[in-house]
Amino acid sequence: MNIEQPTETHCSANSCSVSTPEANDLKKGALKRTPFSKFKKVHSNFKSPIQATSAKVSPAEEVAELERRREQLDTEIAQLEAEGYRVEELEHHIDMLHEYNDIKDIGQSLLGRIAAVRGTTTRDLYSHFGLELDD
């Protein structure tokens, strides 16, 4: 299957120019996301790998399923509380993780700036400063 891109030639007394659809789009300010390809799939719409189910469930069935799920979660919560876990403790750990991530993001940003000034990569700085690189 051979798909060729149409071209137009415009000539005047002093010069000739070739016009392609891509060039015309560029003149109009519209840029294509992908280059011209003879394969149609390159220009197809995005299709999510997650398929939505179209099975219709009655509201009563949906409520029953949600109640089953709630009972299951309540059982899990009771089990965790019996093991000694508390909601306040969990919230404290979550807050500490957020703080850790903020500090780590700032450190990554600083390493990036140092690497840019030195003309090197952040990977090189990890070994220079004795840091572990998580792959």
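## Ground rules

Since this is a predicted model, local features need pLDDT of at least 70 and side-chain atom pairs count only at pLDDT 80 or more, while totals for chains, interfaces and linings use all residues. Numbering starts from 1 along each chain as its sequence is written, and side-chain values use heavy atoms, with hydrogens and water left out.

## Overall make-up

The chain holds four helices and two strands, in the order β-β-α-α-α-α from the N terminus on. These elements are DSSP runs numbered from the N terminus: H or I of at least four residues for helices, E of at least two for strands.

Of the 135 residues, 5% count as buried (buried is under 20% relative accessible area, exposed is over 50%, and partly exposed lies in between, with a 1.4 Å probe and protein chains only). Take the contacts (heavy atoms within 4.5 Å) between residues at least 6 apart in sequence: 8% of them join residues at least 24 apart.

## Confidence

The mean pLDDT (the predictor's confidence in each residue, from 0 to 100) is 77 for the chain, and 64% of the residues reach 70 or more.

Helix 2 has 24 residues and should span 34 Å at 1.5 Å a residue; its end C-alpha atoms are 34 Å apart, so the two agree. The expected span is 1.5 Å times one less than the number of residues. Just after helix 2 comes G84, with a positive phi of about 105 degrees.

Helix 3 covers residues 87-118, which makes 32 residues. From first C-alpha to last it reaches 47 Å, close to the expected 46 Å. A glycine follows here too: G119, with a positive phi near 70 degrees.

## Salt bridges

A search of the whole structure turns up two salt bridges, each needing a side-chain nitrogen of Lys or Arg within 4 Å of a carboxyl oxygen of Asp or Glu. One pairs R68 with E65, with the closest N and O atoms 2.8 Å apart. Both residues sit in helix 2 (residues 59-82), three residues apart, or about one turn. An α-helix has 3.6 residues a turn, so residues three or four places apart point the same way. R68 is partly exposed because its relative accessibility is 48%, and E65 is partly exposed at 42%.

The other bridge links R86 and E88, with the closest N and O atoms 3.7 Å apart. R86 counts as exposed at 52% relative accessibility, and E88 is exposed with a relative accessible area of 52%.

## Surface

The chain exposes about 12700 Å², with carbon and sulfur atoms supplying 55% of it. Areas come from the Shrake-Rupley method with a 1.4 Å probe; for residues, only the protein chains shown count as cover.

I114, F129 and L131 make a nonpolar surface patch of about 240 Å². Patch residues have over 30% relative accessible area and no salt bridge; like charges are joined within 9 Å, and nonpolar side chains (Val, Leu, Ile, Met, Phe, Trp, Tyr) within 5 Å. F129 lies in the segment after helix 4 (122-128) and counts as partly exposed, at 41% relative accessibility.
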